[in-house]
Amino acid sequence: MEKYTEEAPVLVAQAGPLNGQRWTLRDTILVGREAICNIRFADRQVSRLHARFSLTPNGVTLEDLGSKNGTHRNGQPIKGSVLLQDGDVIQVALAQQFIFLSSDATLPLNVEELDIQALPPAFLSAQAQAGLLRLEKRSRRVWIGDEEVLPPLSASQFRLLELLYEQQGQVVTRQELIANVWKEEQAIDVSEQALDALVRRLRERLTAIDPTHQYIATVRGHGLRLDNPLVPTKD
């Protein structure tokens with residue numbers, strides 16, 4: 001099998017017990033609980049043989065090995081095997097998240113020293129995707145844990161959540177939210193009550209999936225903030 005000799009792809013762990021560790025993909029890598037696995041977990045959310053990274057002439061493929069709790073790429077469950085692209089975010093059950101980089105040529109020894117401007121878009125949103133609530137812009141899909149919000153959010157609900165998601169942890173003003181959801185040319189005629197009604201409907205959709213947590217927090221006198229808890233892990 002052809003090996004990568006000059007610029008090898010690399011897998012970086014984040015948002016989980018292996019956070020900060022990395023693996024150069026020069027051969028097949030097994031993920032699971034068994035002793036033979038290259039990336040091994042004690043967490044029972046992870047199957048004994050959970051997933052496999054393989055080198056092919058076309059690049060690196062990721063295959064779910066019939067795991068109980070699934071393997072996701074960019075928020076979408078994997079069926080069979082997929083060819084990985086630079087910046088793909090991979091979730092193994094709810095136990096661990098990884099980012100796939102197609103080359104380790106510019107990866108420094110300390111992962112925290114990565115040049116943010118040089119990273120692919122998926123890496124820039126990795127902290128957002130580490131949360132229990134995940135959002136995929138291209139398909140306009142939303143998950144809380146492994147459960148997708150269905151039916152899909154309306155266009156206005158998605159735009160509201162998207163802005164909060166991109167700035168999660170920060171307060172977004174009501175004026176910003178109105179301008180983003182209704183666009184500037186229409187925002188002049190939008191009332192505060194219309195925004196309140198939209199927020200209420202969005203909260204209802206999220207609460208239907210997870211009634212234990214209030215994801216959209218109101219900061220009185222300032223605006224709204226997304227409170228997105230980290231994916232829980234087991235000791």
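1. Strand 10 and strand 11 make a hairpin with three residues between them, and alanine 93 in the turn has a positive phi of about 50 degrees. Strands here are DSSP E runs of at least two residues and helices are H or I runs of at least four, numbered from the N terminus. This is a predicted model, where local features need pLDDT of at least 70, side-chain atom pairs count only at pLDDT 80 or more, and totals for chains, interfaces and linings use all residues. Residues are numbered from 1 along each chain as its sequence is written, and side-chain values use heavy atoms, with hydrogens and water left out.

2. Strand 10 (residues 89-92) runs antiparallel to strand 11, with four bridges joining them (pairing takes at least two DSSP bridges). Valine 89 sits opposite isoleucine 99. Strand 1 (residues 10-14) is also antiparallel to strand 11, through five bridges; there leucine 11 partners phenylalanine 100.

3. Strand 11 (residues 96-101) is mostly covered, with six of its six residues buried (under 20% relative accessible area, 1.4 Å probe, protein chains only). Gln96, Phe98 and Phe100 point one way, while Gln97, Ile99 and Leu101 point the other way.

4. Now the helices: the axes of helix 3 (residues 155-166) and helix 6 (residues 192-209) come within 10 Å and cross at roughly 85 degrees (lines fitted to C-alpha atoms over the stretch in contact, angles running from 0 to 180 degrees between N-to-C directions). That makes helix 3 roughly perpendicular to helix 6 (65 to 115 degrees). Contributors to the contact (heavy atoms within 4.5 Å) include Leu160 of helix 3 and Leu198 of helix 6.

Definitions and conventions
Parallel < 35°, antiparallel > 145°, perpendicular 65-115°, else oblique. Buried < 20%, exposed > 50% of the residue type's maximum accessible area, 1.4 Å probe, protein only.
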